[in-house]
Amino acid sequence: MTVETHQADDITDEVRTWLTGEFASLLPAADITAIVRSARTDLEGQIVPEAMGEMLHRLARFRVLRTLEHA
């Protein structure tokens, strides 16, 4: 595992934890985890690494809200 991979995992876990806390009463934690992982995959290599935390949070939160709208 590289330092960059470890940092990416930390960011992903932080965003997952944050969104799970925010939306726990509305969406199962497993669904939020899947959304965050999918967003992380979509962003990988598309943005500068320094922006990953903010962009991952924004994209995953948007996707959670969109999921809730269609539920």
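The model is predicted. Arg63 lies in helix α3, which runs over residues 52-69. Helix α3 packs with helix α2, residues 29-43.

**Arg63**
- Arg63 has a relative accessibility of 18%, and because buried means under 20%, the residue counts as buried.
- Leaving aside residues up to four places away in sequence, Arg63 is in contact with Ile35, Ser38, Ala39 and Asp42.
- Those four contact partners, Ile35, Ser38, Ala39 and Asp42, are among the α2 residues that meet α3.

**Helix α3**
- The 18 residues of α3 should span 26 Å at 1.5 Å a residue, and the end C-alpha atoms are 25 Å apart, in agreement with that expectation.
- Met52, Leu56, Ala60, Arg63 and Val64 are the buried residues of α3.
- These residues lie on the same side of α3, because the arc they cover around the axis is only 105 degrees.
- Arg58 and Glu69 are exposed and sit on the face of α3 turned away from its buried side.

**Packing of α2 and α3**
- Two packed helices are described by the angle between their axes and the distance between the axes.
- For α2 and α3 the angle is about 130 degrees and the axes are 9 Å apart.
- The two helices, α2 and α3, are therefore oblique to each other.
- Their crossing is right-handed.
- On the α2 side, the contacting residues are Ile35, Val36, Ser38, Ala39, Arg40, Asp42 and Leu43.
- On the α3 side, they are Met52, Met55, Leu56, Leu59, Ala60, Arg63, Val64 and Thr67.

Technical notes
Residues numbered from 1 in each chain as written. Predicted model: local features only at pLDDT ≥ 70, side-chain atom pairs only at ≥ 80, totals over all residues. Heavy atoms only, no water. Buried < 20%, exposed > 50% of the residue type's maximum accessible area, 1.4 Å probe, protein only. Contact = heavy atoms within 4.5 Å. Expected span 1.5 Å × (residues − 1). Arc of directions from axis to C-beta. Axes fitted to C-alpha atoms, helices over the stretch in contact; angles between N-to-C directions. Parallel < 35°, antiparallel > 145°, perpendicular 65-115°, else oblique. Left-handed = near helix turned anticlockwise from the far one by under 90°.
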